[in-house]
2 protein chains.
Amino acid sequence: MKAEIISVGTELLLGQIVDTNAAFLARRLAELGVELYRRVTVGDNPERLKKALQEALQRADLVITIGGLGPTDDDLTREMAAEVMGLPLVLDQAAWEDIQTYFRKLNRPLTENNKKQAQIPQGGKALANRWGTAAGVWAEKDGKCVLCLPGPPKELEPMFEEEVLPLLAARAQGTITSTVLKIASLGESLVAEKISDLLREQTNPTIAPLVQDGEVILRLTSRARDREEAARLMAPLEEELHRRLGTAIYGRDGDTLASVVVELLASFGQTLATAESCTGGLLASRITDVPGASEVFGLGVVAYSNQAKEELLGVPKELLEKEGAVSSLVAEAMAKGIQKRASSHWGIGITGIAGPTGGTPQKPVGLVYLALARGKDCEVHKLHWPGSREAVRRRTVNFALDLLRQKLLRQEKNNQCRNN
Amino acid sequence: MKAEIISVGTELLLGQIVDTNAAFLARRLAELGVELYRRVTVGDNPERLKKALQEALQRADLVITIGGLGPTDDDLTREMAAEVMGLPLVLDQAAWEDIQTYFRKLNRPLTENNKKQAQIPQGGKALANRWGTAAGVWAEKDGKCVLCLPGPPKELEPMFEEEVLPLLAARAQGTITSTVLKIASLGESLVAEKISDLLREQTNPTIAPLVQDGEVILRLTSRARDREEAARLMAPLEEELHRRLGTAIYGRDGDTLASVVVELLASFGQTLATAESCTGGLLASRITDVPGASEVFGLGVVAYSNQAKEELLGVPKELLEKEGAVSSLVAEAMAKGIQKRASSHWGIGITGIAGPTGGTPQKPVGLVYLALARGKDCEVHKLHWPGSREAVRRRTVNFALDLLRQKLLRQEKNNQCRNN
């Protein structure tokens, strides 16, 4: 199947918003094996939209429009879609009732305008919108399909996953399942190298390596007759990926590095406390981002000044004077100090030079000492990151979380060995 | 002038990257008063790219391509641009020398392939790329212009600002200046309402309200003969916007709410310490994001547990038991406790329920108490935010920063009154 996407909206031509919808759809179509031929963006102008629809229908079997389904006069996508397909618009009673219910719940007045949001080309299918008012449209004629989706990503994405996927799967006669594996501490090229043969030979399931928020992820998508077959297809690939990438795979789908660490700590009934200088609370903030973090995290200190390092963490004054605040021994004293102060199982101490100023030839910008204390043990890592202040801080926090995760995994393994 | 943008790259049709370049160019063109008629995305396919170029040149005076200027065989934008314009490609000696210098600096081997990155259509202009290897292209024929820009945003954006703007300004005979005003604590619709007449009547300078990272900004752009005239045009509009929006405008261009607070504190020689429960270090992290924050910020405590609140902040045990950790009096005790502990001028205490669980009918999710202590005074704000855990935490931190900013501005004003 060949597809094209038409994004509709003057705000896109004015650059007021970035078109993440088109990227989302493009990625999902690729995963489904649908070839995307072209993407086009036009403004809220009926003639130009009509022209774009006509051209796209000549080239593609499936034309997907994004936006222009609102209640106002300049929202003209459903009208133009119907006109180009030569089909009259009719009211979809179920969609109209959904809109009325939606407005009742919000206690907002309903206008006659909203009625047009429940109209679809004759013989087509209204796609339910549980996250907004505009019904989506699926219309077919002469072997060509037009799919109209609403503009807000919060409406478009679930509508695609819940309403459109089954329609595309029905055409493909089967089901499509997708899962994401998340990877820590390995770059995209290294991941690609380790699985290059799997990437080259992929058929079903497919594997797509992507970078999201500075992290490498692998999205696996399988097409099958039913869910059971999909699971059967997915299992050996996932197993092979785990064998190749080992503990570099830290989680799946909704997991974050911090959520996995919080979960591991909770499973052992262990606690963590943090003492941060150059990361300035970013580590504590990432941990407390996780719902339920209070079970494993009670205290963090942002000891930016030497005075705070002395008074709250018990770092000896002489040590600060002799070694300097950015040193291996101070990181160690910070980790041990916060561990003692919080009576926690684990303590992390971080001190470094995030930049852009404050570096010297001996202690350049990007130099960070990171200490991890556990019981009476403590290990210190000397790190040197390239990049901006923001990058140095982010990379240090990711390193700390991944280090602790690896330790917890080893602890888990040791426990299992002892139990066997 | 009518323009169209053609984004080139199979990775865009696979949804592997979001096209922020097209949005950047669209916004800058709008600010320059160039009408963008259509945006198109095609893959790395010479025939489809050629077709898209031909179609676009029929509709527009200026066609801008993004990407496909690399050294490999599937990078074909400059070849197709030359072909469609009927111009032969010739080597630009200066561009070729730039590429050689670039490789020498990086100590990387130069290949014959790279030579094609210095080729441009005869009679055209090579646009210098100080941030990568591919030269940009500006070519004119029969009153139509083709502009080819490289795909990496770090190359495209400065090339547009430094190389393309003067060319467009020369066509418009003058200079174009742009500045951003940043707004705190007011939503987009309220801002638009307060300046609706200015938005309606805008000519030169233009005003564009945008939402960036959850914040409202106003981008002002003026066209003028020279910089002096531009400044003369901008001044009265900026003055009027400040009159309408008052201290809601917190800064301009590179400023952040945190950087403005750090700067104000530094100007008074004052210091801040933070005691966070539900925001879990996010406030400290935002402050220490600012280079030089150590001058005004020495200590933050993330007191997630009641024990930490008692031991490090001196919150009385009885108070925690009687009022509960999420209460006005505990917030106050936290702010005063950290202020005393750090011997700082200002202390902020935050306690609340970020959710998604932990709420009760009396203390629902989203309830936050925020205390600001200064000398012997302390004020407490009871807040109730809608939204996710992440939204509750972010909004609370923005509120805290803006509250402190407003206090510091008042202090500045009082000082000025006393001095007069």
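Which residues of H4(A) are buried? In this predicted model, they are Thr77(A), Arg78(A), Met80(A), Ala81(A), Ala82(A), Val84(A) and Met85(A). Helix H4 of chain A spans residues 77–85, and with 7 of its 9 residues buried it's mostly covered.

Now for the place where the two chains meet. Chain A puts 45 residues into the contact and chain B puts in 44. On chain B, several elements each supply at least two residues to the side that touches chain A, among them helix H2 (20–31), strand S2 (35–42) and helix H15 (389–419). Strand S14(B) gives the largest share of that side, with 7 residues.

| Class | Residues on the side of chain B that touches chain A |
|---|---|
| Nonpolar | 23 residues |
| Polar | 14 residues |

The largest has 132 residues, and the ones touching the most other members are Ala303(A), Met334(A), Ala303(B) and Met334(B). Setting aside neighbours within four places in sequence, Ala303(A) is in contact with residues including Ala275(A), Leu312(A), Met334(A) and, from the other chain, Leu299(B). A second, separate core holds 108 residues, including Leu32(A), Leu57(A), Leu149(A) and Ala52(B).

Key. Residues numbered from 1 in each chain as written. Chains lettered and ligands numbered in written order. Predicted model: local features only at pLDDT ≥ 70, side-chain atom pairs only at ≥ 80, totals over all residues. Buried ≥ 20, exposed ≤ 12 C-beta atoms within 10 Å, placed from the backbone. Helix = DSSP H or I, 4+ residues; strand = E, 2+ residues; numbered from the N terminus. Contact = placed C-beta atoms within 7 Å. Nonpolar A, V, L, I, M, F, W, Y, C, P; charged D, E, K, R; others polar. Core = buried A, V, L, I, M, F, W, Y, C linked by C-beta atoms within 7 Å.
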